Amino acid sequence: MSQAAPPLGKPAPAEDTTPSNDAATSKSGERKKAKRLEKEAKLALKVAMNVASGQNTPTGEKKAKVEKKKEEEEVPFVNTTPKGEKKDLSEPMSATGYNPIAVESAWYDWWEAQGFFRPQMTPSGDVKPEGLFVIPSPPPNVTGTLHIGHALTVAIQDTLTRWNRMLGKTTLFVPGFDHAGISTQSVVEKRLWKAKGQTRHDLGREKFVDTVWEWKNDYQNRITDQLRRLGGSYDWDRVAFTMNESLSKAVVETFCRLHEDGTLYRANRMVNWCVRLNTTLSNLEVDQMQLTGRTLLNVPGYDAKEKFEFGVLTSFAYPIEGSDEKLIIATTRPETMLGDTAIAVHPDDPRYTHLHGKFAIHPFLDRRIPIITDSIVVDMAFGTGAVKITPAHDPNDYEVGMRHKLEFINILNDDGTFNDNAGEKFKGMKRFHARVAVVKALQDAGLYIETKDNPMQIPVCSKSGDVIEPVLKPQWWVNCKPLAEEAIKRTRAGEMTISPKQSENEWYRWLEDIQDWCISRQLWWGHRCPAYFVRVEGLNQDRDDGKNWVVGRTLEEATERAKAIAAGAKFTLEQDEDVLDTWFSSGLWPFSIMGWPEKTLDLEKFYPSSLLETGWDIIFFWVARMALLGVHLTGQMPFKEVLCHAMIRDAHGRKMSKSLGNVIDPLDVIQGLDLEALHQKLYEGNLDDKEIAKAKSGQKKDFPKGIPQCGTDALRFALCAYSAGGRDINLEILRVEGYRKFCNKIFNATKFAMLKLDEKFVPEPTAKPTAKESIVERWILHKFNIAADEVNRQLASRNFMMATSAAYNFWLYELCDVYIEAMKPMTDESASPERRTSAQQTLYTCLDYGLRLLHPFMPFVTEELWQRLPRRPNDSTPSIMVSSYPVFDQSFIFEDAEGDFDLVLKVLKSGRSLAASYSLQTDIQFFIRVQSDVEGKLFESQASTIVTLTKGCKSAKIVRELSEVPDGCGSVVISPTVVVHVLVRGLVDLDVEIDKCDKKLRLAQMSLQKIQKMESQPDYEETAPANAKLANEDRRKTLEVDIENLELSKAMFAKLK
């Protein structure tokens, strides 16, 4: 049988169909054939009438072809199965082959209705003795629909879930969604502005939040549909959302507990401020843009035509008080000099000893700037050795300010404009306009020195692309150091494993250097901080001071705590306007979805989780926070294993980006989408016209004909086949389409095989061999056993590429290409009933177990085909997804049969290659020369198999002597005792063949000389490994026979001249 989708690295072949069996056509097949013949007859009559009327023109011929093509087109599939009911498979399998839309219809709703997705417990309500497998699905953000990276996550997680379920374990796969505070608020604000020209402030907080809830409900429904189409076997009864009532309760409880035990505190500290989003960000949400020198950049919030200078070092001079002397400093952010409150020099720098304790005069503000000494921040060898200090706007300067008790002057408003502290000349200016204005003012004052290239990094918001501003803000912080120390200790103790190894190394490195976590966000969408400022009547209080704040699970609890601060005075409570970092609630995910902080049955039975599977890029954002909070709040690591998958990139290795047009909706791969429809989807987002034009260009280049319809099974299988533990996957849609052809192969092979299982066929009660199986039957059972063992081992080690390869190779190269073809003569009318029955039973076992082997990767097509198979007596298993997964079976071990039939296949393949080298396509005659009775008996028994599996083969004769081989044969040596000859007399150029023999002889003689030289070394017998000596001996004997055979062939061809 011909090839389907190849393993990675091989080109996808053309689509094929499995041969039909004319002797075993079904009644429905006959009816369809009759209808087809009737249509052809009508068409022939119409053409004949055209001929009679003189209309037999080329145009008429073309019209007839078009009409015929239309008649042969399949009617679009319409799912008529009522939701939740089992699909009716009483109709014959599709005559036009595999249709993924038809195959995948109805099954998911039926699985769900049957309760197959729920965890199966023992009658007493306990976890089954086979074990437990729990996986909390990483909750996708409700910002938009899923992309292909999410499909990879689902494919891997659901494959593991289905595999463990079929192994008999209690399994739970929990679905859910993340509110994604910054991202969702940002996307809704953009849509609001694009659609109505309104901002959130136009709506007000309450109405805006209502608008975001509408968005959330819409996109949660869309994502749910995507997850269902991808086949994820989630327990939808447990679906969670980070802002639903129970999870919100967990957030409040966590905030209060951490504050009560001193882990969470309030402080006015340096934060990353995004002007565009108007909120703080954690360090993990800030990207570093590398600049090699002077670079002009657009900045969000400014005119698109405006570009600002980055990657330069600007030097200017500060006048020294009471002197004509000037002190030169250099900065990458000249506008921040308006917030300078010191100039630092090294205490050991002799150039500035005379300036210690003196002051510089600010040229634009009424401010004296002290000259301080600091050996930590100043490098004498860098620049002038003098450093401007802006404690309120630089992380390093903040530390200097704390050490020297400097004044902290904030010059920036939240909207990115300068405030009154910047002086009358600059207040109200946007920050980068102020940069230009400050440099101009320095030039006018004669204080500007120079600007030169400066390779550097600039911090950029990963969400908005805005340049980050370090500013001082009173925020809520989590002291992560003690939490991280406990997580490190438990990871090293083996309570949690992380793979691949690279991710584990990064895990330790990040946790060891962890900093405190700012959890406040200046947003409206999210969990509002359960913290209250206690405003006591008659007191002048500092809102930045955490002592004036209380936290509470309820307003009543907060009020009781506030009474202690008020000490009998009247007070009011003002709840913090800020919301919490999204990752704060996400960090509770594995136990909050189980009902924590309540002591629920789910928490008792299903926590901690067995596995967390996610992308390596969020191991710090999310995984680390779950570990820190999980250990601290529950006393346990939240999962036993962390598996990090690769990041999907496009075929060119580029990161997926909407503006590049390479973001792929998995539904588009499943259903197929033409190029114009792909273009239209770009208008659904927030891209501007320029970005849409760029994205269209990218789509046209990558998908000139659109995205082909591949189906869910092909997509899942392809994504698993790509997954081998690397960091990146360069996804080619054509690879996915190649696996659609593999689905077609499975479909047609099963359809063809079902014809061999006639109406009288009844499977044996068990799959245990009867000892009456032929060599090819024992061979295929042994090969299946190897494949099942390999798939299980590779899934256990999380190597999905190797697991899919093992299943793929069994189906394609062993079951389809060999056994289904080899069994044809065993099931035709001339075969004995006993032989036919045995071949049918083996075929049934291979189909039954082979479909089960594939099911975790390809749930839909395997269910569709498995349901068409008859059941063994007393087997009432309702679905393949709750059947037993194949594992290594001692009764399927047939090593002798494997060795013998592998030799037959070697002869077969070498013979086919030999015939192909002579361009023989018909009347192929093989002469297989053997030397032993055992080999003779083997090949005599398999001669018909060799003929069956070689297209155009007329005969395969087994001979013992060279004299029995007719003159005019080409040959190939299989082993020292087996040679294959093919009759080519009269079909080849004799001189060319003699020349070929000479070339092969030279190569064989050179190889033989190398081995003989190796074996003749004085210490060869003592130093060479035993296996190497055996391999060399076998190779030498084969080469000797090969040389002898080539010399005979050469002589034979010469004799025929």
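Predicted model: local features only at pLDDT ≥ 70, side-chain atom pairs only at ≥ 80, totals over all residues.

Numbering runs from 1 along each chain as its sequence is written, and side-chain values use heavy atoms, with hydrogens and water left out.

Start by colouring domain 1 (127-258 + 486-498 + 581-645) and domain 2 (281-470), two of the domains in the assignment; the bounds come from an automatic or database domain assignment. Their centres, taken over C-alpha atoms, are 42 Å apart. Even so, seven residues of domain 1 are in contact with five of domain 2 (contact: heavy atoms within 4.5 Å).

Next, select Arg333, Glu335, Thr336, His393, Ile411, Leu412, Phe418, Arg431 and Glu469, which line the largest cavity (lining residues have an atom within 4 Å of a grid point; the grid is 1 Å, over the protein atoms alone, and a cavity is a set of points where a 1.4 Å probe fits but cannot get out). What classes make up that lining? Three nonpolar, two polar and four charged residues.

Last stop: arginine 740, in helix α23 (residues 733-756), a DSSP run of H or I with at least four residues. Buried or exposed? Arginine 740 counts as buried because its relative accessibility is 14%, and the cut-off for buried is under 20% (1.4 Å probe, protein chains only). Now show tyrosine 98: the arginine 740 side chain reaches its backbone oxygen at 3.5 Å.

Key:
1 Å grid on protein atoms, 1.4 Å probe; cavity = no way out; pocket = protein on both sides within 12 Å on 5 of 7 lines; lining within 4 Å. Nonpolar A, V, L, I, M, F, W, Y, C, P; charged D, E, K, R; others polar. Helix = DSSP H or I, 4+ residues; strand = E, 2+ residues; numbered from the N terminus. Buried < 20%, exposed > 50% of the residue type's maximum accessible area, 1.4 Å probe, protein only. Polar contact = N/O pair within 3.5 Å; in protein donor to acceptor, adjacent residues only side chain to side chain.
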